[in-house]
Each structure stands twice: as structure tokens, then as C-alpha cells.
Amino acid sequence: MPVRLPQRRLMLPSSLALAVAPLLAGGCQAIDAPPALAPPPADGAILHWPVPEPAPLSPAAPVLWVALASRLGPPPDSAAGDAAPPLRLRSAGSRPLALIAADGRRVSAAELVLHWRWQTLPQPQLLRRQVLGPFASFESAERVAALWRRQGVAATIAHPREWEVWAAAGTPPPDGMTARPLERRETRRAVLELQRPTGALTLQGPLRIEAPDGLRWREGVFAGPFRLQSDAHGGWSLIEQVPLERYLEGVLPHEIGAGAPAAALEAQAVLARTWAMRNSHRFAVDGYHLCSDTQCQVYADPRLAGAAVRQAIGRSRGKVLSWNGEPIHAVYHASNGGIAAGFDEVWNASPLPYLKPFVDAPEPVARRLPLPVQVGPLATLLKQNSTTYGADHPLYRWQRLLTAADVAQALSRSQQGVGEVQRLEVVARGPSGRVLTLRIRGSKGTRLLSRDAIRRTLRQVPSTLFLLEAAGPGRWRLVGGGFGHGAGLSQAGAVDLARRGWTTQRILSHYYPQTELRGTGELKSSGIPGEAP
């Protein structure tokens with residue numbers, strides 16, 4: 001049985017269908033929306049722009065819809081479509097590209113130059129919603145969406161700039177949270193047109209693109225096929241429909257590196273495959289499964305995968321890590337600094353049995369550092385350079401000097417200003433010693449940064465495994481270890497363990513105890529949750 005995404009269809013009233021029909025796939029009668037969403041109000045308002053659903057994943061041969069580029073097109077407030085440069089698509093070989101519009105029109109050329117134009121809607125469209133956020137990560141947004149859903153609310157996760165959770169206008173927020181209303185009246189949408197000697201041809205999306213010799217996009221070449229389609233925010237996305245195993249060829253060199261030992265490469269292949277299956281609902285609101293940047297897994301030109309990467313993917317073909325028959329939260333990072341974090345130390349979520357904190361070191365070293373880690377032993381550990389696994393990572397140990405101006409600027413980016421920053425304090429730590437809550441006091445107020453929001457806000461801080469000390473008026477020194485969130489596999493640790501002779505299975509069991517390897521066809525489901533664990 002195919003692994004299917006949750007069905008999220010909302011029938012459009014006839015007036016709205018007429019307004020947006022040219023912007024949907026030919027014959028499409030539904031738009032993407034959360035399950036059980038009530039019919040639109042009498043004023044015809046909708047939560048977001050309608051978007052075709054991504055195709056369901058088949059466990060036998062999963063094909064991911066990956067956005068090579070998103071938010072394409074002119075800014076919403078620009079006066080003309082030409083405020084955005086033309087979209088240029090080039091064949092990577094001698095055979096031309098083929099572009100097929102939703103109405104069946106077909107255009108072939110070695111290079112397609114598509115221009116943007118504002119198209120007036122037959123009638124204005126009202127977008128209305130309640131918004132929670134922004135959140136520092138998808139995982140945190142997912143948790144809040146789960147709280148809202150438990151109240152019977154159809155909550156949608158979106159990423160306009162930062163992660164947000166949306167619900168119908170007027171919906172009461174979860175206890176203790178404040179939602180902000182958004183209402184916008186739209187009279188136009190950006191469309192693409194092909195300029196020809198006989199006149200401009202407006203292209204109705206979604207557009208299919210076939211590239212027999214591959215599509216040259218930015219710095220890489222991609223095999224496709226491709227789609228150009230509108231998103232939930234009024235822009236467009238360039239999407240590659242890429243088989244899962246080929247997708248991994250574009251991920252591994254940019255995540256763990258092509259030069260990693262064979263066992264570490266194979267472990268990374270299993271995790272990247274598992275992560276993709278588990279997170280294939282991440283951008284459902286925009287009509288595709290995954291992005292290609294650090295909000296997902298970095299995905300680039302699959303041709304960069306050398307023989308070692310392809311062999312690692314081949315040896316683990318179709319294998320994922322599972323728990324209770326479903327793909328796990330296969331989170332990983334660059335370096336844990338010698339101590340792995342628990343899932344609930346990184347994100348505001350319930351603990352997971354296979355993502356617990358532990359000292360990532362040989363047993364004699366681990367015994368000398370019982371959990372929860374106290375500040376004194378943590379200070380001793382952060383002064384040591386080679387007692388735990390993965391110690392050769394360049395950010396295994398680090399120091400940062402933060403000034404009041406640095407912190408104030410970081411808070412202003414996230415619209416959390418406190419005026420002149422006067423004091424930084426660690427309020428709480430987790431069992432691994434990581435900072436759970438950081439208090440920032442200023443002349444105009446106080447802000448608390450928690451878990452993943454600490455690194456997302458203070459971007460020069462590599463991890464939350466740090467000690468904080470005053471370094472003079474308006475200056476603080478952070479002495480820390482590791483790079484990344486710290487939960488799950490440490491890539492530096494996996495490379496170290498592989499060099500010590502550990503097998504792929506042993507490495508995976510070390511970082512994800514109680515899990516097992518299964519084929520994608522053996523899973524109970526894709527692992528897409530109705531709510532976060």
C-alpha cells in the first residue's frame with residue numbers, strides 16, 4: 001500500500017473557484033488545507049493561496065518533490081512584474097527543454113526565458129488567518145501545531161520567512177499563547193509569460209518541464225522532471241521530482257562529506273533517507289515535500305557524488321531506521337562536543353526513547369561524568385581536547401565573545417529588542433549540560449531565549465553546550481563545545497567511530513538505541529504525524 005500524505009482537501013466555493021481557476025492545475029477542484037477545516041466564511045476568505053497537493057510517496061519507489069528554488073517572482077508590493085528578473089532555464093546538453101503548460105500547450109527550446117507579469121484576479125481575494133510564531137525551527141512549530149490540533153483546530157505549518165502556525169481567523173490560541181490576526185485583500189497574482197514575435201503567451205500553472213539532458217540550475221545540473229507552480233504565499237517554486245535514492249546522492253556530499261569512512265557514509269545514507277521519509281510533510285502547504293537548503297537537508301548537484309557515496313547509498317538501499325514500525329526523527333548534526341543531547345533539550349517537545357542524553361565517549365570516560373552534568377564537571381570537560389569521540393572536529397571546542405551591541409542587534413533581527421543589553425544569565429540547563437533557557441536583561445525589558453531559539457537568535461554561537469562568564473562591562477565570554485543541536489548522530493563522532501572499526505549498524509545503535517533497520521516497504525506509515533510526539 002502506498003505511503004500517503006495526510007489528505008488535506010478543502011472544496012472551494014464557486015466564486016472563489018472562478019477567481020483562482022487559472023492559477024491551479026487543469027481540472028483541479030481542491031486546494032491544500034488542514035484536515036477538518038470548516039468551510040470558508042461567507043466573505044470567501046481563505047487561509048492561504050490554493051496550491052496543488054504534492055504526489056503521495058510510494059514505499060516501493062519514493063519520489064520526492066524538492067524545491068530547488070522558492071518564493072520566485074516579484075515582491076508582493078512591487079509595482080510591476082518586471083521588478084523580478086526573468087526566470088532563465090537552460091538545458092545542460094544539446095537536446096532542448098520541453099515546457100508543458102496546464103492547458104497542454106508545449107514549448108521546446110535550449111533556453112527558456114520566462115517573464116513575470118501581474119495578472120488581475122476576476123474578483124479580489126481575501127486572505128485571513130490567525131498566526132502563531134515565529135518559531136526557531138519546524139520542530140518547535142510542529143509541537144505548537146499539535147497543541148492547537150488537540151483543541152480540535154486545523155493547524156497548518158508554514159514558512160513565509162520563519163516558521164509559523166496558521167489557523168482560521170478568530171480561532172482561540174492554545175492556552176498561554178497569543179495569536180496575531182492577518183488579513184490581506186489581494187487583487188492580483190504574479191504569472192509567467194513567454195514572449196514571442198507573435199505576442200506574449202501567458203502560461204497557466206502548474207508547468208511541467210522535461211529536460212532530457214538535465215536542467216542547468218545555478219551551480220548544478222539536475223535530471224528532473226520538474227514543475228513550476230505557485231505557492232501558498234503568492235510566489236512560485238521550481239520543484240524537481242527526484243527519486244529518493246538519487247536525492248541522497250545530492251545530500252551526502254554536502255552533509256557528512258564524500259571523504260568520510262565507508263561505515264560513516266552508510267550511516268549517513270540511512271539517516272538522510274529516514275529523515276526525508278519522516279519529514280516529507282514539511283512543506284505540504286506549498287505543494288512540495290522538502291526544500292534544498294538548511295531548513296531541510298542540503299541538496300545539490302547529484303553528479304558530485306563519487307564512487308564512495310554511491311556505494312554507501314547502494315549498500316543501504318531502501319533502508320531506514322524505525323521505532324514502533326515508523327521512521328524515527330533521524331536528526332543529526334556536525335559535532336556534539338562530547339555529550340549527546342536529548343530530543344527535549346533541543347526542541348520544546350516530549351522526550352523520545354531513542355534520543356536520550358549520554359556522554360559520547362569510551363565507557364571509562366563516560367563513567368566519570370554522570371548525568372545530569374553539573375557546571376563544575378562541564379567546565380572540566382570543556383577544557384579537555386581529546387577524551388570523547390569526534391574530538392578532531394574544528395568546533396569540538398570553541399570560545400565566543402559577545403558584546404551588548406551584538407546581542408541587541410541579534411534581538412532586533414527577531415523583533416525582540418530589550419533596549420541596551422545589560423545582563424546575560426543562564427536560567428536552566430538540561431541533563432547534557434546544554435543551556436535550556438537564557439535570560440537577556442536590557443534597559444527596556446527582559447527576554448527569555450529557550451532551546452533552539454538560542455542558536456537561531458545568537459547565530460554566532462555554534463551550540464548551546466557552553467558556559468557563560470562576564471568579560472567586562474557589556475561583554476560576555478562563552479566557552480563551549482560542539483556545532484549544531486547535539487541530538488542524534490554526531491557526524492564527527494561517526495567518522496571517529498568508523499575509523500576505530502565500528503560497523504554501520506553499531507554506529508546507528510550507539511546514537512539511536514532501541515531502533516531497528518527496516519525497508520521503506522515494511523513501515524506502518526511514512527511517519528508523518530497527526531501531532532508531534
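What is the volume of the second largest pocket? In this predicted model, the second largest pocket has a volume of about 1100 Å³. The chain has 533 residues, and 56% of them are buried. One disulfide is present in the structure.

**The chain as a whole**
- The chain contains twelve helices and 30 strands.
- Among contacts in the chain with a separation of 6 or more, 70% are between residues 24 or more positions apart.

**The second largest pocket**
- Rolling a probe the size of a water molecule over the atoms shows where empty space is left.
- The volume of the second largest pocket is about 1100 Å³, and 43 residues line this pocket.
- Thr294, Tyr332, Arg455, Gly484 and His485 are the lining residues closest to the centre of the pocket.
- Two or more lining residues come from each of these elements: α2 (138–150), β20 (332–333), α6 (343–346), α10 (452–457) and α11 (491–499).
- The largest share of the lining, four residues, is supplied by α11.
- Sorted by class, the lining of the second largest pocket consists of 20 nonpolar, eleven polar and twelve charged residues.

**The disulfide**
- A disulfide is a covalent bond between the sulfur atoms of two cysteines.
- Here the two partners are Cys291 and Cys296, with their sulfur atoms 2.4 Å apart.
- The torsion about the S-S bond of Cys291 and Cys296 is about 120°, and therefore the disulfide is right-handed.
- Both Cys291 and Cys296 are buried.

**Ala179, a loop residue**
- Ala179 lies in the loop that runs between β9 (163–167) and β10 (180–196).
- Why does Ala179 count as buried? The relative accessibility of Ala179 is 17%, and buried means under 20%, so Ala179 falls in the buried class.
- Leaving aside neighbours within four places in sequence, Ala179 is in contact with Gln130, Val131, Leu132 and Pro173.
- Arg129 is 50 residues from Ala179 along the chain, and the C-alpha atoms of Ala179 and Arg129 are separated by 9.6 Å.

Technical notes:
Residues numbered from 1 in each chain as written. Predicted model: local features only at pLDDT ≥ 70, side-chain atom pairs only at ≥ 80, totals over all residues. Heavy atoms only, no water. Disulfide = S-S within 2.5 Å. Buried < 20%, exposed > 50% of the residue type's maximum accessible area, 1.4 Å probe, protein only. Contact = heavy atoms within 4.5 Å. 1 Å grid on protein atoms, 1.4 Å probe; cavity = no way out; pocket = protein on both sides within 12 Å on 5 of 7 lines; lining within 4 Å. Points joined across faces, edges and corners; volume = space filled by probe spheres on them. Nonpolar A, V, L, I, M, F, W, Y, C, P; charged D, E, K, R; others polar.
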